[in-house]
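The sequence and structure come first.

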Amino acid sequence: MAFVQFSQVSLAFGDRDILKNVTINLQTGSKVALTGANGAGKSTLIKVLAGLTPPDSGNRAVQKDSRIAYLPQSGLTHHGCTLREEADKAFEFGYEMQRRIDEIGSQLERGEGNTDALVEQQADLIQKLEDSGWHRREAAAESVLLGLGFSRSDFERDTAEFSGGWQMRIALAKALMQNPDILLLDEPTNYLDIEARSWLEQFLQNYKGGFLLVSHDRYFLDVTINEVYELFNGDLKRYPGNFSHYEKVREVELKTLIAAYEQQQEEINKLEDFIRRFGYKATKAAQAQEYMKKLEKMERIEIPESLKKIHFSFPPAPHSGRLVLRLHDITKSYDGGAHNVLDKLELTLENGERLVVAGRNGAGKSTLLRIIAGEDSAFAGELVPGAGVKIGYFSQDNAETIKGKETILDYLEARAPLELIPKLRDMLGAFLFRGDDVYKSLDVLSGGEKSRIALLQLLLSPVNLLVLDEPTNHLDIHSKDVLLQALRGFGGTVIFVSHDRGFIEQLATKVLHLEHGTYKYFVGGYQFYMEQMEKNAVVEPVETTSARDAVSGKSQNSPVVSIQPSAYSTTGNAEKSQLSWEEQKRLDAERRKIEKEVSRLEAKITELEAKKTELENKLADPAVYSNGEKAKAVQRDIEAVAVEIDETTAAWEAAAEKLG
């Protein structure tokens, strides 16, 4: 069994301990997530595991002939050959093995060396080469590349033509193609859309080797891993189970620590407030100095960032009419009309809705958001905003406008409403700017840091329609939770694109699916959308080969999906008729009515079950069960409530069925 193992490994950068006597064992079948706050040292730990960074002390042991593949967060580029040729470099281990097999064959022909030993060595190499899947490398490469979103037409393109995000997809593809014993993946989902993430989820679920990964996508982690290692203050601790289970266990485990932390934070706030208010008053200066000394000597309690309870809310959304936006016959092409990215799209958005735009890369999601935000006027059709609508738009391009010598804190204080200025430090912390980070100059920030500032700046603005293109990029899990909570409490309307499935599922109330110039509109959340897509799919088996099957020499049938209309969706393109606005309103109203009925029945069932439990407890009272008449009366009440529960449950099931 292949393995890589640490024992009592330590590593320090200056006076800061990154790893303190860390022990970890990865082996065939390991499915591990590595978590910890930004800056905790996760990437460093992975590099030590990969053998790229030597530890200060301790032992690193690797099983003989174990193959390890490592993917960094970013920074890899490829050039000088086609995508197909670059992919073939992933199989260099096999070419080297084949060269050694041929050398041994030549030695045997010449009668050199120990014949028995050479024959045994050659047979061992031949078996390892076969087990590695090297002979099926072309099928494996094709399957992985297609799964990660490349098209067959990309295979002969020069790798230098691909953008930075696609360069990292090439690097990820090469790591997976190696079929190593141990995979070390640092943020593999950073540059993947939902379809590619879903493919990678399936790949890792079926992976026979072991892997350790870092990711800020909770859903991705929950469906791929079965143990979590947390790196906190240099210590590494193991938690069995998926990521959500780790969070629950860790929160209970740290309950006392969190209480002490919150109490200390309250004291710190009081001391700092006193110093801020009275530090320059002669009558209070001495006391302020004492408080400053107390703060300096205080041993600060630290807890993982994911467990710090940071909340913020938007400024009140300006009033707008019920109708927020109407799009009629929206058509957009980038090639003079030969191919329409958007084709006669119809959309009506009402106040309070949270619409996610879904579809593959290139389907037109960002294009549609730019049109809605007023950033793109080169389209056909009509866009009608409602009365009083004020739009706030976020995309990764917003970062380009953030520049200058101002500090982050000064920049945001100048743009924040007065009531939010006292909360800015917490909000910056939620967006990964902690401690002295807030005093960084704008000009020294990375693209990701500027993107987070641009998002936070938007969230400080009093708008009533938020248009958000990938708002969760460059955020960790905790930051996404803070953003999600704020968006769910937002008093206006949201239309957004995201590749984070967990984020979408918890935010979206409606879904617009774009595909090849057509669209489908789903009046329901993301889970409802996925169910309807699966329920109404026409499946046509075609012969294809998955990456893992290609490696093992197996092939299987894989479905090609053609989407058909569903009861609670609208579809459209140039040839298809559209539902009228009035009909769409009727469908919306009907669904809202059913949702209210489902909620009412759920509340009633809860109330009845509580009543039944109360009666059962009453029946256990000696004063009741010792009195025959009283006991019979209570028993009759219990039976009546049980019947009512059954009837209400049946009504709830019928109503829930209408929602799909």
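A charge is said to sit over a ring if NZ of Lys or CZ of Arg is within 6 Å of the ring centre and within 35 degrees of the ring normal. The charged end of Arg67 meets this rule over the ring of Phe93, 3.9 Å from its centre.

The model is predicted, so local features need pLDDT of at least 70 and side-chain atom pairs count only at pLDDT 80 or more, while totals for chains, interfaces and linings use all residues. Residues are numbered from 1 along each chain as its sequence is written, and side-chain values use heavy atoms, with hydrogens and water left out.

**Aromatic pairs**

Rings of Phe, Tyr and Trp (its six-membered ring) pair if their centres lie within 6.5 Å; planes under 30 degrees apart count as stacked, over 60 as edge-to-face and the rest as tilted. The count by this rule is eleven aromatic pairs. Two of the pairs are set out below.

| Pair | Centre to centre | Angle between planes | Class |
|---|---|---|---|
| Phe243 and Tyr246 | 5.2 Å | 55° | tilted |
| Phe496 and Phe503 | 6.0 Å | 85° | edge-to-face |

Helices (H or I, at least four residues) and strands (E, at least two) are DSSP runs, numbered from the N terminus. Phe243 and Tyr246 both belong to helix α9 (residues 243-253) and are three residues apart, about one turn of the helix.

Buried means under 20% relative accessible area, exposed over 50%, and partly exposed in between (1.4 Å probe, protein chains only). Phe243 has a relative accessibility of 4% and therefore counts as buried; Tyr246 is buried, with a relative accessible area of 4%. In the other pair, Phe496 is buried at 0%, and Phe503 is buried at 4%.

**Strands**

Two strands pair if DSSP finds at least two bridges between them. Strand β7 (residues 210-214) has five of its five residues buried. The burial covers both faces: Gly210, Leu212 and Val214 are on one side, and Phe211 and Leu213 are on the other. Strand β3 (residues 31-35) runs parallel to β7 and is joined to it by three bridges, with Val32 as the bridge partner of Leu212. Strand β6 (residues 182-186) is also parallel to β7, through five bridges, and Asp186 stands opposite Val214.

Strands β17 (residues 510-515) and β18 are antiparallel and joined by five bridges. In this pairing His513 stands opposite Lys520 of β18. Strand β18 (residues 518-522) is mostly covered, with four of its five residues buried.

Ile24 lies in strand β2 (residues 16-27) and is buried, with a relative accessibility of 1%. Ile24 and Leu236 are 212 residues apart in sequence, yet their C-alpha atoms are 8.3 Å apart in space.

**Positive phi angles**

Most residues other than glycine have a negative phi. Which residue takes a positive phi in the hairpin of β17 and β18? His516 does, with a value near 50°, in a hairpin that has two residues between the strands. Asn21 has a positive phi of about 50°; this residue is found in strand β2 and is partly exposed at 49% relative accessibility. Glu187 has a phi near 55° and is placed in the loop between β6 and α7 (194-205). Glu187 is buried, with a relative accessible area of 5%.

On a 1 Å grid over the protein atoms alone, a cavity is a set of points where a 1.4 Å probe fits but cannot get out; lining residues have an atom within 4 Å of a point. Grid points are joined across faces, edges and corners, and a volume is the space filled by probe spheres set on the points. The model has four cavities of 30 Å³ or more.

Note on methods
1 Å grid on protein atoms, 1.4 Å probe; cavity = no way out; pocket = protein on both sides within 12 Å on 5 of 7 lines; lining within 4 Å.
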